[in-house]
Amino acid sequence: MRTQRLTGEGQQTVLAVLTSGDELLEALGHWAGNASIAFANFAPLGGLSAITFRQFDIVAGKRALPKSIDHAVEIVGGSGTISWLGDAPHVHAHLLVSYPDDSAPEGIVVIGGHVERATCFAVEVVIQAYRGLRIARQPHTGTGLHLWG
């Protein structure tokens, strides 16, 4: 395990609200680039009008086909990070969402995973942001993924 201390004068907590079709990952990445954020972690809550999950198939060593939900869902948990991949912010998020479904046990479906796309209806995000040492993703030969370098 590698660790890195991320404390200092450049630390800040930011509250963000995304609505009306804002794309969660795109909006957070755009904000991070404009605000010169070196690294951030975040926790969103609220409602989405659509979401697409895309898992990494560890056995096959590649991304699985995306799974989309094109109706309203509620974020019941999740977290993410903003680091850098090349010259651009890289937003990585995992969410757990729910929606009513009379055919499901207890009348509700809960599903989660790696987020490829999330269209906001009304989402509040608490962001812990850091300026200073930029955290960059580098290719990792053992996994085929881009991990913090």
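Let's start with Thr81, which sits in strand 6 (residues 73–85); strands here are DSSP runs of E with at least two residues, helices are runs of H or I with at least four residues, and both are numbered from the N terminus. At 14% relative accessibility, Thr81 counts as buried, where buried means under 20% relative accessible area, exposed over 50% and partly exposed in between, with a 1.4 Å probe and protein chains only. Setting aside residues up to four places away in sequence, Thr81 touches Phe39, Ala40, Asn41, Phe42, His90, Val91, His92, Arg137 and Trp148; a contact means heavy atoms within 4.5 Å.

A word on the source: this is a predicted model, so local features need pLDDT of at least 70 and side-chain atom pairs count only at pLDDT 80 or more, while totals for chains, interfaces and linings use all residues. Residues are numbered from 1 along each chain as its sequence is written, and side-chain values use heavy atoms, with hydrogens and water left out.

**The chain as a whole**

The chain has one helix and ten strands, running β-α-β-β-β-β-β-β-β-β-β from the N terminus on. Its C-alpha atoms fill a box of roughly 50 × 40 × 25 Å along the principal axes. The radius of gyration is 16 Å, which agrees with the value near 15 Å that a compact globule of 149 residues would have; it is taken over C-alpha atoms, and the globule rule is 2.2 Å times the number of residues to the power 0.38. Buried residues make up 35% of the 149 residues. Among contacts between residues at least 6 apart in sequence, 68% join residues at least 24 apart.

**Strand 8 and its partners**

Which strands pair with strand 8? Strand 1 joins strand 8 through nine bridges, and the two run antiparallel. Two strands pair if DSSP finds at least two bridges between them.

| Residue | Opposite residue in strand 8 |
|---|---|
| Leu18 | Val123 |
| Leu48 | Cys120 |

**The core**

The largest nonpolar core has 32 residues, and those with the most contacts inside it are Leu24, Leu48, Ile51 and Ile127. Such a core is a set of buried Ala, Val, Leu, Ile, Met, Phe, Trp, Tyr and Cys residues joined through side-chain atoms within 4.5 Å. At least two residues of this core come from each of strand 1 (11–19), helix 1 (24–34), strand 2 (39–53), strand 6, strand 7 (88–100) and strand 8 (108–130). Strand 8 gives the most to this core, with eight residues. As for Leu24, leaving aside its neighbours within four places in sequence, this residue is in contact with Leu18, Leu95, Ala118, Cys120, Val123 and Val125.

**Aromatic pairs and a ring with a charge**

How many aromatic pairs does a search of the whole structure find? The search finds two. Rings of Phe, Tyr and Trp (its six-membered ring) pair if their centres lie within 6.5 Å; planes under 30 degrees apart count as stacked, over 60 as edge-to-face and the rest as tilted. Phe39 and Tyr130 make a tilted pair, 6.1 Å centre to centre with 35 degrees between the planes. This pair links distant parts of the chain, with Phe39 in strand 2 and Tyr130 in strand 8, 91 residues apart. Phe39 is buried at 7% relative accessibility, and Tyr130 is buried too, at 14%.

The other pair is Phe39 with Trp148, edge-to-face at 5.4 Å centre to centre and 80 degrees between the planes. Phe39 lies in strand 2 and Trp148 in strand 10 (residues 146–148), so the pair ties together parts that are 109 residues apart in sequence. Trp148 is partly exposed, with a relative accessible area of 36%. Phe39, Tyr130 and Trp148 form one aromatic cluster.

Elsewhere, Arg134 lies over the face of Trp84, at 3.6 Å from the ring centre. A charge sits over a ring if NZ of Lys or CZ of Arg is within 6 Å of the ring centre and within 35 degrees of the ring normal.

**Two loop residues with positive phi**

Most residues other than glycine have a negative phi. Ser20 has phi near 50 degrees, a positive value. Ser20 is found in the loop between strand 1 and helix 1 and is exposed, with a relative accessible area of 70%. Ser36 has a positive phi as well, near 55 degrees, and its place is in the loop between helix 1 and strand 2.
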